[in-house]
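Dear colleague,

I am handing over the structure we spoke about, and below it you will find what came out of going through it. Please read the notes with the structure open beside them.

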Amino acid sequence: MYRVKCSLFWKLSHVQRDRVLRDWERRFLQHHRGTCDECRLAEEALEEGWCTLAAPVVEPILHDAFERRIIEALREPAPQSPVRYWSPVVVSGAVAAIAAIVALQLIRNSTIVPVPGLGASEARNTPPSYGSFPEIDFTSPPSFTR
Amino acid sequence: MFGTKALSQHPTEVLNDESYWLARCRAGDESALAVVISRHRSRLIRTSKNILRDAHEAEDVAQEAFLKVFRELGRLRDDRAFASYLYRICVRLCMDRLRAKRAEPAEFDRVEESQGRHIENRLAVERILSELTPDLRTTLVLREIEQLSYEEVADVMHVPVGTVRSRLHTARERFRKLWIEQVGDSPCIA
């Protein structure tokens, strides 16, 4: 059965690989090892796993060809990286293209753009069709009775 | 890009200075390149091998890291950051490889039976590592094998320290469960 105490035990068991445990943490581990055989045995088995993991695999075999290959590769021109569509150059190019298209459209349709001082002023002087805005009297308290 | 130039004599302290060699690399001195490579290659190959678990692939990745960094050497502002920059590039290339394909245990298939238990443990570790995601595996290797601090792992993997802490806990828990499944028979598994 896996209990809350076992969960804390494993948490602390992992933590002790990185730092020195506090007194209560050390005491808890000691106590749990004494009471839970499953965790104690698993911890002993796991220690072998950590040792195997940490053991060096194979020492690197170093030879001159390693350096030579790098230096020879550096003599050749670097391969061109593929175009990234999200790169700033591509994005700013796209924005500039859209702006140019919009500007061209505006120039082409310039006849329907209102001339300053004429169309706009006429529109401003035209009274609204929905009538005047209702006036509110703030001096007297509102009455909700009909 | 690089031409052949001869090295001249210099005081020891100058020769030990990385920025001196990097300046010569920028000037196109191939012998300086060789010096810089020989200084860092062992660590790079070892780390790549620990992450990828494949000697040939590890060497390829280390070479790729050197090439990438030397080609961008002109953009490196602080020469003191060269070693960590190179290491970071190497680890990222390893992670890219891991994401592209899962590494398989090959180093330990051709060993004598006299080393039975040790080899079994080795194979179990390889299998467990191959089941971890690239992020968890790299974090575990950098901490447990390379013995980097949390801050160093965070810097290399370009993630916050808190992320390293949680990934490490997850990786260790996964390792524990898989290890007990493979070599032990304790029922105390969540």
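Helices here are DSSP runs of H or I with at least four residues, numbered from the N terminus. Read in that way, chain A follows the pattern α-α-α-α-α-α along its sequence, with 6 helices and 0 strands. Please keep in mind throughout that this is a predicted model.

Chain A as a whole

Of the 146 residues of chain A, 22% count as buried, and the chain exposes about 11600 Å², of which carbon and sulfur atoms supply 63%. Among the contacts in chain A with a separation of 6 or more, 44% are between residues 24 or more positions apart.

Helix 2 of chain A

Helix 2 of chain A runs over residues 23-35, and its 13 residues reach 18 Å from the first C-alpha to the last, close to the 18 Å expected at 1.5 Å a residue. Its buried residues are E25(A), F28(A), L29(A), H32(A) and R33(A). They lie on the same side of helix 2 of chain A, because they cover an arc of only 130 degrees around the axis. These buried residues pack against helix 1 (4-15) and helix 3 of chain A, whereas the face turned away from them carries the exposed residues R27(A), Q30(A), H31(A), G34(A) and T35(A).

E25(A), which is buried with a relative accessible area of 3%, also meets R22(A) through its side chain in a salt bridge (3.3 Å, N to O).

Salt bridges

Side chains of opposite charge can pair when their charged atoms come close.

Helix 9 of chain B covers residues 161-183, and its 23 residues should span 33 Å at 1.5 Å a residue, which agrees with the 32 Å between its end C-alpha atoms. Its buried residues include V164(B), L168(B), F175(B) and W179(B), as well as the charged residues R167(B) and R172(B). R172(B) also belongs to a network of salt bridges that links it with R17(A), D18(A), R143(B) and E144(B).

Cysteines

How many disulfides does the structure hold over all chains? The number is 0. For C36(A), the nearest cysteine sulfur, that of C39(A), is 3.6 Å away, and C36(A) is in no disulfide, because a disulfide calls for a pair of cysteine sulfur atoms within 2.5 Å. C36(A) is buried, with a relative accessible area of 2%, whereas C51(A) is partly exposed, with a relative accessible area of 47%.

Definitions and conventions. Residues are numbered from 1 along each chain as its sequence is written. Chains are lettered from A and ligands numbered from 1 in the order in which they are written. This is a predicted model: local features need pLDDT of at least 70, side-chain atom pairs count only at pLDDT 80 or more; totals for chains, interfaces and linings use all residues. Side-chain values use heavy atoms; hydrogens and water are left out. Buried means under 20% relative accessible area, exposed over 50%, partly exposed in between (1.4 Å probe, protein chains only). Helices (H or I, at least four residues) and strands (E, at least two) are DSSP runs, numbered from the N terminus. Contact means heavy atoms within 4.5 Å. Accessible areas come from the Shrake-Rupley method with a 1.4 Å probe; for residues, only the protein chains shown count as cover. The expected span of a helix is 1.5 Å times one less than its number of residues. A salt bridge is a side-chain nitrogen of Lys or Arg within 4 Å of a carboxyl oxygen of Asp or Glu. The arc is that of the directions from the helix axis to the C-beta atoms.
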